[in-house]
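I opened the model to look up a few residues and strand pairings. My notes are below, in the order I took them.

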Amino acid sequence: VSGVNLGTTASGDVVISDTGAANDVEAGTTLTVSVSGSDRKLVIASGAQLESTGGAHTYVADKMDLGGTINAAGQSITLRSLQNGQSIDLGSTTDTATNTLELSDAELDGLTADVVRIGLPTGLSGPLTITSDISPAGTDTLRLTSGGEVSQFGGSLTVPNLAVEAGGRMLLSTANSIEVDTVAIWAADAINFKERDGFTVGEVDGLQGVRTVSSVSLGTTASGDVVVSDTGAANDVEAGTRLSISVSGNDRTLVIASGAQLESTGGYHTYVADKMDLGGTINAAGQSITLRSLQNGQSINLGSRTDLAFNTLELSDAELDGLTADVVRIGLPSGASGPLTITSDISPAGTDTLRLIIGGEISQSGGSLTVPNQAIEAGGRMLLSTQNSIEVDTVAIWAGDAINFKESDGFTVGEVDGL
């Protein structure tokens, strides 16, 4: 009814057989099995069961053959190698690779727990690779911890909640191979995470948001919304260099929840989605932010407070006020997007330079525009001429058709953002 701690002190395998008892190892609190010796094995025989629902489980061995089941309902299970620097292969059905802890999907299916954690603390283990399909049946939360790179090689991963800590790069981006509801990531190098059908950046097993000192690239590969929630971290997505989020699927939405913050002051930001709900803030001080639709031919409505118009990227003044950058660029390269219309007052608070890039006509419909430096590229006419509605200091314009620009109180024709 108390804790169980089993193991070896020198070397040799540990085998838990099917004894015929209801539980072959049973504890009331913590349950630990530790196997000493390089490449020695923990074997849980087919039909054997280990159970404690009153405390955490920890299993330590360089090799594991998990043919039976482990019941840690309401608790956590940690699987890790004994030796530092060991690689981890998720998907392998053998235990033959040198210096590698190999765990198959069937072995993970035998684990029941609130959280399954795999790997040594960051810095102590080698790379982790998903080599075959992984979809643990007995847990909603999987935490992967590697001192090296976390990547894929022919395998998929399906789990509701995923936390990843990588001492190197975190590369889970193979098309249509990752399915999660909520993700949290820390990496010491670049993060490239592409999920199939929509996910939330949130808190998983105490890990909050997505953070690295290098680049971050998040997105979907099929369809579905991407939500960045307010996790409680200082920055809910934080990068050291460039930061990009791309949302696949017609009229799918990038949501930055109220209170959420994205930050990188070391590289440019790019956000791609047919719909955007920017309730939080984006800090790209000293850098640029680009907002654009995924689909070619989409219209842009600057001033709309909704996201209801079909085939239209709608951005309000309040949403643009949440952006801090040297330059904010809105639109696709000329020829790739539809018309842009200013429908309500726009005066972005966090930038001195706004660049509008559109394949069609740029015009006004009841809205004003106030920004120190304005660059405009229009594939059609450029019509910003409503009386006393445009206030800029410097303007640069290219258009594929007529230009009609009337400013309120004086301006300079000059160079803005390279135009």
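**Ground rules.** I am working with a predicted model, where local features need pLDDT of at least 70, side-chain atom pairs count only at pLDDT 80 or more, and totals for chains, interfaces and linings use all residues. Residues are numbered from 1 along each chain as its sequence is written, and side-chain values use heavy atoms, with hydrogens and water left out.

**Entry: Glu 102.** I found Glu 102 in strand 11, residues 100-103. Strands here are DSSP runs of E, at least two residues, numbered from the N terminus. Is Glu 102 buried or exposed? Glu 102 is buried, because its relative accessible area is 3%. The cut-offs are under 20% for buried, over 50% for exposed, and partly exposed in between, with a 1.4 Å probe and protein chains only.

Next I checked what the side chain of Glu 102 reaches. One of its polar atoms lies 2.9 Å from the backbone nitrogen of Thr 96. The side chain of Glu 102 also reaches the backbone nitrogen of Ala 97, at 3.0 Å. I then listed contacts, meaning heavy atoms within 4.5 Å. Setting aside neighbours within four places in sequence, Glu 102 touches residues including Lys 63, Met 64, Asp 89 and Glu 107. Thr 96 and Ala 97 are on that list too.

**Entry: Asn 235.** I located Asn 235 in the loop between strand 27 (226-228) and strand 28 (237-238). Asn 235 counts as buried because its relative accessibility is 8%.

Which side chains make polar contacts with that of Asn 235? I noted Glu 238 at 3.0 Å and Gln 261 at 2.9 Å. A polar contact is a pair of N or O atoms within 3.5 Å; within protein, one must be able to donate a hydrogen and the other to accept it, and residues adjacent in sequence count only if both atoms are side-chain atoms. Beyond four places in sequence, Asn 235 is in contact with Arg 211, Gln 261 and Glu 263.

**Entry: Thr 200.** Thr 200 sits in strand 22, residues 199-201. Thr 200 is partly exposed, with a relative accessible area of 23%. I looked up Ala 184 as well: Thr 200 and Ala 184 are 16 residues apart in sequence and 8.8 Å apart in space, C-alpha to C-alpha. Outside four places in sequence, the contacts of Thr 200 are Asp 181, Thr 182, Val 183, Val 227 and Ser 229.

**Entry: strand 42.** How many of the 6 residues of strand 42 are buried? I read 5 of the 6 in this strand (residues 373-378), so strand 42 is largely enclosed by the rest of the structure.

I then followed its pairings; two strands pair if DSSP finds at least two bridges between them. Strand 39 (residues 353-358) runs parallel to strand 42 and is joined to it by 6 bridges. There, Ile 357 has Glu 377 of strand 42 as its bridge partner. Strand 45 (residues 394-399) also pairs with strand 42 in the parallel sense, over 6 bridges. In that pairing, Gln 374 stands opposite Val 395 of strand 45.

**Entry: sheet 2-5-8.** I traced an open sheet of 3 strands in the order 2-5-8, with parallel pairing. Strand 2 (14-16) and strand 8 (63-66) are the edge strands, each pairing on one side only. Strand 2 pairs with strand 5 (residues 41-44) in the parallel sense over 3 bridges. Val 14 stands opposite Leu 42 of strand 5.

Methods. Helices (H or I, at least four residues) and strands (E, at least two) are DSSP runs, numbered from the N terminus.
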